[in-house]
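User: I have a model open and a few things to check. Can you go through it with me?

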Amino acid sequence: PMPTLDTELRDLLATVIGKESATTGARVIAETAARAALEALAVALPAPYAHLTDSQRKQRNRLRARARQLGDSLDPKQANPMARLIEQTAYEQWHRMLFARFLAENGLLIHPELGVAVTLEECAEMAEGEFAADGWELAGRYASRMLPQIFRPDDVLLQVALAPEHRAGLEKLLAQLPGALFRASDSLGWCYQFWQARRKKEVNASEVKIGADELPAVTQLFTEPYMVQFLLHNTLGAWWVGAGRALPPGLEMPYLRRLDDGTPAAGTFSGWPRLTRDVKVLDPCCGSGHFLVAAFEILVAFRMAEEGLDARTACDAVLRDNLHGLEIDARCVQIAAFALDLQGRAGIVTD
């Protein structure tokens, strides 16, 4: 299992991505970069610049269509005619870089032709030969091929070219984060919470009525690891040991409470299915997947012990049969899906 993020690393992550007081965090730099790139394409203007190529004009039209889908006015007389498009472009560009490093740090960024893991340094060396602007672009391309449902290579927002100085700023921030941070199971959730911190402060200060635009920023509060473990240990764990079964080797449940006679204090959940493959776990507000990732680890261990499955087969079986999540914020769904995929791939590699 992947460890959880310790307090020191969490504080560093908050500073890099952007606490409420930060002015040079990832979100600020990414949104500045997105605004400059979109303005260079005249996205909010009624007509394109004369010097734009045919390819850039087509890209501009696609970006204008996306902006309208997001609810932007594209009226240059307004203060922020493409505010949603800027924010969304910034988010997608930063998180493609972030997710690529998560894969690379866990030895899971795979070269599509060679089928071997590559590092970010190796991506930088290969970038020119593969017609990529730099190693980060190439790493993002590889990640897109690995996880097309999470990284959409045809997304027009990811095709926006950020200025070199802005990309360098984001790369510098990522370089400040140690590798251990990317090997923690809950890092992705904290990344998104800190990304939303400034927006949350703005919404709360404005005292506006909370609508669809404001809801994710003010409601996404991710559960501490010990809370997740306590709840799962005293439900899934209680059900397992309540049936007279010993915990599988390597699976520890320090928060499982027992009575004097050794039975679970929370009860034995006798009304639940007898076999793990028939247990359904649904998180109706799954956020970035903290509960789902922790439940995944437990259920994989249960199914390996119960059915004699190897790690790869058990991971596939749990994702297919046991875990379900709902979330109002589509970004959190993306993060939760990636967190589960990362946990599964890491478990298979280390099995």
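Analyst: What follows covers confidence, a surface patch and a few residues of this predicted model.

User: What is the mean pLDDT of the protein chain?

Analyst: The mean is 88, and 90% of the residues reach 70 or more.

User: Where is confidence lowest, and where is it highest?

Analyst: Helix α10, residues 215–219, is lowest with a mean of 59. Helix α3, residues 54–70, is highest at 96. Where pLDDT is low, the predicted coordinates should not be read in detail.

User: Surface next. Which residues make the nonpolar patch?

Analyst: Tyr226, Met227, Phe230, Leu231 and Tyr255 make a patch of about 450 Å².

User: Where does methionine 227 lie, and why does it count as partly exposed?

Analyst: Methionine 227 is in helix α11, residues 225–242. Its relative accessibility is 36%, so it counts as partly exposed, since that class runs between 20% and 50%.

User: Switching to arginine 96. Is it buried or exposed?

Analyst: Arginine 96, in helix α4 (residues 83–105), is buried and has no salt bridge. Glutamate 137 is the nearest side chain of opposite charge, 6.3 Å away, while a salt bridge has to be within 4 Å.

User: What does the arginine 96 side chain reach, then?

Analyst: The backbone oxygen of leucine 158, at 3.3 Å.

User: Last one: where is alanine 50 found?

Analyst: Alanine 50 is in the loop between α2 (26–40) and α3. Alanine 50 is exposed because its relative accessible area is 75%.

User: And how far apart are alanine 50 and cysteine 191?

Analyst: They are 141 residues apart in sequence and 40 Å apart in space, C-alpha to C-alpha.

Note on methods. Residues are numbered from 1 along each chain as its sequence is written. This is a predicted model: local features need pLDDT of at least 70, side-chain atom pairs count only at pLDDT 80 or more; totals for chains, interfaces and linings use all residues. Side-chain values use heavy atoms; hydrogens and water are left out. pLDDT is the predictor's confidence in each residue, from 0 to 100. Helices (H or I, at least four residues) and strands (E, at least two) are DSSP runs, numbered from the N terminus. Patches are made of residues with over 30% relative accessible area and no salt bridge: like charges are joined within 9 Å, nonpolar side chains (Val, Leu, Ile, Met, Phe, Trp, Tyr) within 5 Å. Accessible areas come from the Shrake-Rupley method with a 1.4 Å probe; for residues, only the protein chains shown count as cover. Buried means under 20% relative accessible area, exposed over 50%, partly exposed in between (1.4 Å probe, protein chains only). Lys and Arg count as positive and Asp and Glu as negative; His and the chain ends are not counted. A polar contact is a pair of N or O atoms within 3.5 Å; within protein, one must be able to donate a hydrogen and the other to accept it, and residues adjacent in sequence count only if both atoms are side-chain atoms.
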